[in-house]
Amino acid sequence: MRDLFQEQLQALRARSLDRHLREIGSAQGPEIEIAGRRLINFSSNDYLGLANDSRLRAAAIAAIGEFGVGAGASRLISGTQSPHLRLENGLAKWKGTEAALCFSSGYAAALGTVPALVTKNDVVLLDKLCHASLIDGAKLSGAILRVFPHNHLRKLESHLQWAQREHTGKRILIVTESVFSMDGDRAPLRELIELKKSFGALLLLDEAHAVGVIGPNGRGLAPRRTWMTPSMFRWER
């Protein structure tokens, strides 16, 4: 068995696909410390510099003093504390939505949200450049998954026609991002909403790379009459 793993590792190394964790010896910021060297950090997604913001550090310290360092249970059992609700209420007010729901990470948000919206025999239509976490969420849901070329509305419309014809009465969920993480381009939101309304589909929009950066007061690009979960997903009925 050990030889099998060694062979797999050697194959990865031969293709330069083996990856290693880098130890960061400082707080996040424009410069970080790696192996005793100060380096400019071009790889962080801390766009707004919040990871080491003095106000947030002080708030976190105060919260630890009052509530400790763990919720002690899942949110549904006895782990929903006052700071959770204050944060969610504040986000909903800021975004102009009915409600907000926080997850511990963007990956958790994808895995928690998609299976809540669709299930076995429903259909998920997903943009080819969506983040891998959204693909995992779609697979976990058990729904039928079809991918359309990036921002290709005509192909999406063809998939919608197929889904409506072959899976009558089932939920159809379109999944895309408002700003795509790798290329930085945007989804054609107006046209997507028109399509989803025409076919009676649902739309889930990942705003992770738009919220705080783009849109009125940094609220992202999505229409206001939607529901949001912050890694900053929104879905429209």
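The following dialogue explains how to read several features of this predicted model.

Q: Which conventions apply to the model and its numbering?
A: Residues are numbered from 1 along each chain as its sequence is written, and side-chain values use heavy atoms, with hydrogens and water left out. The model is predicted: local features need pLDDT of at least 70 and side-chain atom pairs count only at pLDDT 80 or more, while totals for chains, interfaces and linings use all residues.

Q: How many helices and strands does the protein chain have?
A: Helices (H or I, at least four residues) and strands (E, at least two) are DSSP runs, numbered from the N terminus. The protein chain has eight helices and eight strands.

Q: Is strand 6 enclosed or open?
A: A residue is buried under 20% relative accessible area, exposed over 50%, and partly exposed in between (1.4 Å probe, protein chains only). In a regular strand, side chains alternate between the two faces of the sheet. In strand 6 (residues 202-206), five of the five residues are buried, so the strand is largely enclosed by the rest of the structure. Leu202, Leu204 and Asp206 cover one side, and Leu203 and Leu205 the other.

Q: In what sense do strand 5 and strand 6 pair?
A: Pairing requires that DSSP find at least two bridges between two strands. Strand 5 (residues 172-177) and strand 6 are parallel, with five bridges, and Glu177 stands opposite Asp206. With helix 8 (residues 189-199), these two strands make a right-handed β-α-β unit; right-handed means that, with the strands pointing away from the viewer, the path from the first strand over the helix to the second runs clockwise.

Q: Which residues meet in salt bridges, and where are they placed?
A: A salt bridge is a side-chain nitrogen of Lys or Arg within 4 Å of a carboxyl oxygen of Asp or Glu. The count comes to six. One of them joins Glu207 and Lys95 (3.9 Å, N to O). This pair links distant parts of the chain, with Glu207 in the loop between strand 6 and strand 7 (227-229) and Lys95 in helix 4 (residues 82-95), 112 residues apart. Both Glu207 and Lys95 are buried. Another salt bridge joins Asp18 and Arg13 at 3.8 Å; Asp18 is partly exposed at 27% relative accessible area, and Arg13 is partly exposed at 44%.

Q: What share of the contacts in the protein chain joins residues 24 or more positions apart?
A: Contact means heavy atoms within 4.5 Å. Among contacts with a separation of 6 or more, 54% are between residues 24 or more positions apart.
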